Amino acid sequence: MSFLCSWSGGKDSCYAMHIAAKQGHEPVVLLNVLNEYGDRSRSHGIPKEILEAQASAMKLPIYFFESTWTDYERLYIENLKVLTGTYNLKSAVFGDIDIQSHRDWEEKVSNAAGLKAMLPIWQQSRKQLVLDMIDHGIEALIVSCNNTLGSDFLGRNIDRQLIKDLEVLGVDACGENGEYHTLVVNAPLFRERLDVRVVGKEISSNYNFARLRLG
């Protein structure tokens with residue numbers, strides 16, 4: 001089936017798309033929600049130009065819309081409907097793992113647009129998923145995190161040492177509870193690796209964000 005990928009720029013959505021493609025489905029467009037200013041992603045705080053670079057590396061179009069959290073669901077459905085018609089989509093792929101309320105929402109918005117919600121990594125072991133991502137060549141770095149981790153974790157690569165360090169702190173290896181978010185800089189679906197650098201750090205609402213620069 002031709003599918004849209006709900007693209008955060010991070011490891012989970014990337015790996016979900018990787019698995020869906022391996023299963024024989026065809027990715028045709030990425031969808032990302034920006035903040036109301038239109039300069040970075042609503043969820044991960046990733047600059048728009050870096051998200052565009054990821055899409056370019058995969059030779060896929062990426063579609064953006066701007067939203068506050070208040071208007072998020074309504075605008076998500078509206079834009080899903082537009083993309084379904086434009087690209088003749090059959091399904092939407094999401095990278096959630098085991099939080100049922102997230103799956104319920106994804107199925108709701110997909111159904112509203114006449115799409116089947118696909119969650120290729122659903123109910124798999126969180127830690128094993130991260131290990132599998134590493135083994136499959138997905139390179140990602142932490143671009144935002146909570147204060148349990150702190151700003152020193154910004155810019156760290158997702159590797160086996162990181163998993164050990166997270167476990168020492170009692171933090172979920174996959175960050176599924178929002179402990180941290182990532183940016184993928186290379187993956188099997190990428191034609192080239194992205195050169196992304198952390199050039200600063202900032203705190204907003206008790207959450208740490210990396211200031212990123214492409215190239």
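This is a predicted model: local features need pLDDT of at least 70, side-chain atom pairs count only at pLDDT 80 or more; totals for chains, interfaces and linings use all residues.
The largest pocket has a volume of about 810 Å³. Its lining comprises 30 residues, and those nearest the pocket centre are Ser8, Ser43, His44, Asp96 and His102. Two or more lining residues are contributed by each of helix H1 (11–22), strand E2 (26–34), helix H3 (72–87), helix H4 (100–112) and strand E7 (180–186). By class, the lining of the largest pocket holds 14 polar, 10 nonpolar and 6 charged residues.

The second largest pocket has a volume of about 300 Å³. It is lined by 16 residues, of which Arg40, Arg42, Gly45, Ser204 and Phe209 are the closest to its centre. The elements that supply two or more residues to this lining are strand E8 (196–204) and strand E9 (207–214). The lining of the second largest pocket divides into 7 polar, 5 charged and 4 nonpolar residues.

H4 contains 13 residues and spans 18 Å from its first C-alpha to its last, close to the 18 Å expected at 1.5 Å a residue. Four of its residues, Arg103, Glu106, Val109 and Ser110, are buried. These residues lie on the same side of H4, because they cover an arc of only 135° around the helix axis. Ser101 and Asn111, on the other side of H4, are exposed. The buried residues of H4 pack against H3, strand E4 (91–93) and strand E5 (116–118). H4 is followed by Gly114, which has a positive phi, near 75°.

Ala117 is located in strand E5, one of the elements against which the buried residues of H4 pack. Ala117 counts as buried because its relative accessibility is 13%, under the 20% cut-off for that class. With residues up to four places away in sequence not counted, Ala117 touches Ala92, Phe94, Glu106, Glu107 and Ser110. Among these contacts of Ala117 are Glu106 and Ser110, both of which are buried in H4. Ala117 and Met17 are 100 residues apart along the chain, and their C-alpha atoms are separated by 12 Å.

Terms used. Residues are numbered from 1 along each chain as its sequence is written. Side-chain values use heavy atoms; hydrogens and water are left out. On a 1 Å grid over the protein atoms alone, a cavity is a set of points where a 1.4 Å probe fits but cannot get out, and a pocket is an open set with protein on both sides within 12 Å along at least five of seven lines; lining residues have an atom within 4 Å of a point. Grid points are joined across faces, edges and corners, and a volume is the space filled by probe spheres set on the points. Ala, Val, Leu, Ile, Met, Phe, Trp, Tyr, Cys and Pro count as nonpolar, Asp, Glu, Lys and Arg as charged, and the others, Gly among them, as polar. The expected span of a helix is 1.5 Å times one less than its number of residues. Buried means under 20% relative accessible area, exposed over 50%, partly exposed in between (1.4 Å probe, protein chains only). The arc is that of the directions from the helix axis to the C-beta atoms. Contact means heavy atoms within 4.5 Å.
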